[in-house]
Amino acid sequence: MTDNTMFLPPEEKQNSENKPAPAVEKPADRKKRKEQNRILRIAIQVIFFLLAPSLFTTAFSGIKHFFTLIHQGEPLENNGFITALVAMCVFTMLFGRFFCGYACAFGSLGDFVYYLSEKLQKRTGKRLPPLPEKAGKVMQHLPYLILMIIMLLCGLGVYGNLTGWSPWEVFALITAGNFHLGGSILGIILLLLIMAGMAAESRFFCRFLCPMGAVFRLLPVFPWSLLKRDTDKCIKGCSACRKLCPVHHELSAGLNAGDCIRCGKCIDICPRGNISIGPVPKIHGFPTIFSWAMSSG
Amino acid sequence: MDDNRQWMLRLMGLALILAMVMGYQIKALAWHSEVVQNEAQVHAAEEYNAEIRAAQEQAAQRKGPAGQAGRDADAAKTYKDGSYTASGRGFGGDITLTVTIAGGRISDITINDASGEDKAYFDMAVTLLQTIISGQSADVDAVSGATYSSNGILTAVRNALEEAAQ
C-alpha cells in the first residue's frame, strides 16, 4: 500500500516514461538567464536591506512579545510586531521562505560576507576547510534550541533584564545609524563571531542559529509551492543543485522541505531544467492524501 | 507522497498551536475584564477618599492656617505653564517632543521628530505618553520589547520637565 504509483492509470505511467525530454536550453542561454537572475536577486536584497533592514527582528519581536504577554497574563493585542509575524508566516505558508532568501537583511549580510570570503579565498588560493556534512546535520537543530530558550526566557519574564547580548540588536542599531553600542559588548563579540562563521559557510546563521528561521522551517508550506526535482531525468552523478545550495538542502521530495529558502539558484544551475514548482510529481490532489491515510491507517 | 504527508502533519500541528493560543486568549480576556472591574472599584474608592480629604482640608482651613504648609509643598512640585521642547536618544537617533504644561499640570505631549525610529517599535513606546500624562510623572518603566524608543521618549520628557520646573 505504500507504493503511490498504484493510483495512476497504467497508460499514464507509460506516458511519463516515454515522454520525450523537454527541449534542452542552450548552455549560453542558461548562463545568460543565470546571470540575469543573480543580478535580480542581489537587486531585491539591496532594496530590502535599505528600506526594511529590521523586518526580521520585527517579526521575531512578535514571538517575544507574545510570550512576554503570557508571562504578564495579558490578552494578545494587535500591534506592529504581531502583524509582521502573522503576515510573514502566512506568506511563507503560501509561497515558501522567499523572505529568508530575498528580504532578510541578516541573510543578505551572510550572502555578502560569504561572497567576499569566496573572492578572497580564490585570490589567495587558500581555501577554508569545509564543515563536515555530518556536523552540519547536527548543528541544523540548534535554531530550535535557541528559539526554545528565548521563548522560555520571555515566558518566565526574565528576558527583559538581559540586555546587550543580542547580535541582532547590535546589527539593527548599526543599520539604523546608531553607533552608541557601549552597552552591547557581548552582542558585538557575538556578531563578529557570527560574521566569521558567515565567511566560512554559506548562510551560516540561517542554517545553524536563526530562531526566526526555526519558526519558518516548521510551518506547513503549501506543497504546490515547494521546489521539486524530477530525479528520473537527472544526469547520472550530477549533483550540481546540491553543491550550489546555500542551505545544503537535499532536493528530493519530502524531508525537511522547510529548509529551502527559495533562492532559486538550483533552478538556474540545473542543466536539464528538472527543478520546478507545481504539483507533487506524478500524484495529483486527493489520491495522495487518501493513499497516505490508507497506508498509515 | 512525503511532501503532502508532511504538509498535513504540520497543518495539524499549526492548528493545535492556534487552538492553544485561542484558549489562552479566552482565559486572558476573562482575567483582563476582572482586572478592569477591580481597577474601576479602586478608582471609585480613591475618588471617595479624595472627596473626604478635600472636606477635611476645608474644615482644617476654616479652623486655622495649619493646613497651609502642606499645600505649599504640593504647589512647589507643579510646573510653569508653557510649551517645552526637548529630545532624547532613541533607537536610530534623537526623538524630539513638546510637553505642554497648563494649569501647572502636564496637559499634552506631542512628538515632533522620530524619524530614526522603527514604526512597529515606536508605536508601542508611544503608549507611554498616555501613562505619563495620566500619572503626571516621567518615572515609568520602559515598554518591554521597545526599550530603545521608550528610553528616548522618557529622556526627552524628563528633559522637558526639568526645563519646566525651573
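This is a short chat about the predicted model shown above.

Visitor: Ground rules before we start: what kind of model is this, and how are things numbered?
Guide: This is a predicted model; local features need pLDDT of at least 70, side-chain atom pairs count only at pLDDT 80 or more, and totals for chains, interfaces and linings use all residues. Residues are numbered from 1 along each chain as its sequence is written, and chains are lettered from A and ligands numbered from 1 in the order in which they are written.

Visitor: How is chain B divided?
Guide: Into domain 1 (2–65) and domain 2 (79–165). Those bounds come from an automatic or database domain assignment. The centres of the two domains of chain B, taken over C-alpha atoms, are separated by 25 Å.

Visitor: What is the strand order in the sheet of chain B?
Guide: β1-β2-β3, in an open sheet with antiparallel pairing. Strands here are DSSP runs of E, at least two residues; helices are runs of H or I, at least four residues; both are numbered from the N terminus. Two strands pair if DSSP finds at least two bridges between them.

Visitor: Which strands stand at the edges?
Guide: β1 (82–89) and β3 (105–113) of chain B. Each has a single partner strand, so one side of each is left without a neighbour in the sheet.

Visitor: How many bridges hold β1(B) and β2(B) in their pairing?
Guide: Eight, in the antiparallel sense. B:Ser83 stands opposite B:Thr100 there. The two strands form a hairpin with four residues between them, and B:Gly93 in the turn has a positive phi of about 145°.

Visitor: And how many for β2(B) with β3(B)?
Guide: Seven bridges, again antiparallel; β2(B) covers residues 94–102. B:Ala102 faces B:Arg105, and B:Leu97 has B:Ile111 as its bridge partner. This hairpin has two residues between its strands, with B:Gly103 in the turn at a positive phi of about 65°.

Visitor: Which side chains of β2(B) are buried?
Guide: B:Ile95, B:Leu97, B:Val99 and B:Ile101, which point to one face. Buried takes 20 or more other C-beta atoms within 10 Å of the residue's own, exposed 12 or fewer, and partly exposed lies in between; C-beta atoms are placed from the backbone.

Visitor: Which helix lies across the strands?
Guide: α5(B), residues 147–165, lies across β1, β2 and β3 of chain B, at about 140° to β1(B). Axes are lines fitted to C-alpha atoms, for helices over the stretch in contact, and angles run from 0 to 180 degrees between N-to-C directions.

Visitor: Switching topic: how many residues does each chain give to the contact?
Guide: Chain B gives 29 and chain A gives 35. Contact means C-beta atoms, placed from the backbone, within 7 Å. The largest share of the chain B side, 16 residues, comes from α1(B).

Visitor: Now chain A. How do α9(A) and α10(A) cross?
Guide: At roughly 90°, with axes within 7 Å; α9(A) is residues 167–175 and α10(A) is 185–200. That makes the two roughly perpendicular. The bands are under 35 degrees for roughly parallel, over 145 for roughly antiparallel, 65 to 115 for roughly perpendicular, and oblique for the rest.

Visitor: At what angle do α8(A) and α12(A) pack?
Guide: About 110°, with axes 8 Å apart. α8(A) spans residues 142–155 and α12(A) spans 211–218. Among the residues that meet are A:Tyr144 and A:Leu147 in α8(A) and A:Ala214 and A:Val215 in α12(A).

Terms used
Contact = placed C-beta atoms within 7 Å.
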